[in-house]
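Subject: Structure handover

Hi,

Here is the structure for you to pick up.

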Amino acid sequence: MTAASIQVSETPLVLYALRRADDALVLGHRLSEWCGHAPMLEEDMALANIALDLLGQARELYSYAAKVEGRDNDEDKLAYLRDVRQYRNLLLVEQQNGDFARTMTRQFFYSAFADPYWRTMTASRDATLAAIAAKSEKESAYHLRHASEWMVRLGDGTEESHARAQTAIEDLWSFTGEMFTVDDSERALIDAGVAIDPETLRGQWLKTVAGVLGEATLARPANDWMQKGGRIGHHSEHLGHLLSELQSMQRSFPGASW
Amino acid sequence: MVNGAASDTELRRRAWDAAAQVVDPEIPVLTIADLGVLRDVSIRDGEIEVAITPTYSGCPAMNMIAVEIELALERAGLGRPVVRTVLSPAWTTDWMSDDGRRKLRDYGIAPPRPGGGRRALFGVEEVACPQCGSTDTATLSEFGSTSCKALWRCNSCREPFDYFKCH
């Protein structure tokens, strides 16, 4: 490791874009780990395609964060040269792939939020965020449909697939609350019409989850205690390992390009 | 000034014609004009600016398309343009030309239906096989060989085919 971490001046808007960029990058990276390992060829392509969409969203958001910050950071520096404590993603998206049921459950929980989130963000008063949202909402609609169909297939499939899906739901449930949290920095953006209050999406998210889990004969956990910390850089141990792989090239060979 | 304006119009037309010849590297029967990826050509202080928009956020063809546009304009003797990526308004398959749809079908890819968008995504999609024309077709995978395509199969002639997704 020879490249040092950068410092980022996290004004509310920079932080807001960074958080969503980190969500997309980390989840996209997790999905890319399936490349060559998925249960079937079609699914291998599907996961790589979804990862690519997320990577594209991350790039747009990082570029915007760098532009708003107005220093000499850029999309690559933000992705490759921030340490684990500087990452601002949801704990949900950094959780390990586990088996296919766990990957799909993580994807379903996130997509059921991301789809209405981006659709609502198309009305943001920030023109760039609104433009990114308009592209992302079309993509996330496909992601949600794909993950929903898999939840039904797994839950209403064999005894084995049902058990694995139910275990994944139990394990990941406590990471879903963080999607709806807001801190002071975001509250100001919400008041200004730049961001939306995620709390307004909770009803729709629960409805999507209840509908799909119901069809899948899977149960929603009763426990509503929620874990949080990702948005302020308090991560599970898994993110550091992910970043060491994601960043190794740029850390070892600063500025490497091809 | 009148002459200047006239030559700008002429320059813009020539630049558009050159850029419009650039093809999608993944679907070489379609030009970026057919696809609706080429959004605008403008002249600022004698400099040519070409605006393109990505089909999907992560479309890896965008870098190559930008390079191809630069080469096309240089080859046409117009010098190196500035290629700008615009996100808004978001690209939609509704921008694909009729000619583009026909070329896709001839190439073996089922074209997106006009006015599809979100309705088609959550309703029942009827996709005609590009080989035999049968509508007795089924999805094999929501995601295909590129971001913009899904993998389908015809139940009549049994041929698998790519379907350009409504977006």
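Start with a helix pair in chain A. Helix 5 of chain A and helix 9 of chain A are oblique to each other. Please keep in mind throughout that this is a predicted model.

Helix pair in chain A

The axes of helix 5 (residues 100–121) and helix 9 (residues 202–215) of chain A cross at roughly 135°. An angle over 145 would count as roughly antiparallel, and 65 to 115 as roughly perpendicular. The pair is therefore oblique. The two axes come within 9 Å. The crossing of helix 5 of chain A past helix 9 of chain A is right-handed.

Which residues meet there? From helix 5 of chain A come A:F108, A:A112, A:F113 and A:P116. Helix 9 of chain A brings A:Q204, A:W205, A:T208, A:V209 and A:V212. By class, this contact between helix 5 and helix 9 of chain A has 7 nonpolar and 2 polar residues, with no charged ones.

Chain A against chain B

On the chain A side, 21 residues are in contact with 17 residues of chain B. Two elements of chain A each give two or more residues to this side: helix 2 (41–69) and helix 6 (127–155). Which gives the most? Helix 6 of chain A does, with 11 residues.

Domains of chain B

Chain B is split into domain 1 (2–85) and domain 2 (95–164). Their C-alpha centres lie 28 Å apart. The two domains do touch: 11 residues of domain 1 of chain B are in contact with 12 residues of domain 2 of chain B. On the domain 1 side, the residues divide into 6 nonpolar, 3 polar and 2 charged.

Sheet in chain B

Chain B also has an open sheet of 4 strands. The strand order is 4-7-6-5, and the pairing is mixed. Which strands stand at the edges? They are strand 4 (109–110) and strand 5 (137–141) of chain B. Each has a single partner strand, so one side of each is left without a neighbour in the sheet.

For strand 5 of chain B, the pairing with strand 6 (residues 149–154) of chain B is antiparallel, over 4 bridges. To place one residue pair, look at B:A138: its bridge partner in strand 6 of chain B is B:R153.

Best wishes

Definitions and conventions. Residues are numbered from 1 along each chain as its sequence is written. Chains are lettered from A and ligands numbered from 1 in the order in which they are written. This is a predicted model: local features need pLDDT of at least 70, side-chain atom pairs count only at pLDDT 80 or more; totals for chains, interfaces and linings use all residues. Axes are lines fitted to C-alpha atoms, for helices over the stretch in contact, and angles run from 0 to 180 degrees between N-to-C directions. Angles under 35 degrees count as roughly parallel, over 145 as roughly antiparallel, 65 to 115 as roughly perpendicular and the rest as oblique. A crossing is left-handed if the near helix is turned anticlockwise from the far one by less than a right angle, and right-handed if clockwise. Two residues are in contact if their C-beta atoms, placed from the backbone, lie within 7 Å. Ala, Val, Leu, Ile, Met, Phe, Trp, Tyr, Cys and Pro count as nonpolar, Asp, Glu, Lys and Arg as charged, and the others, Gly among them, as polar. Domain bounds come from an automatic or database domain assignment. Two strands pair if DSSP finds at least two bridges between them.
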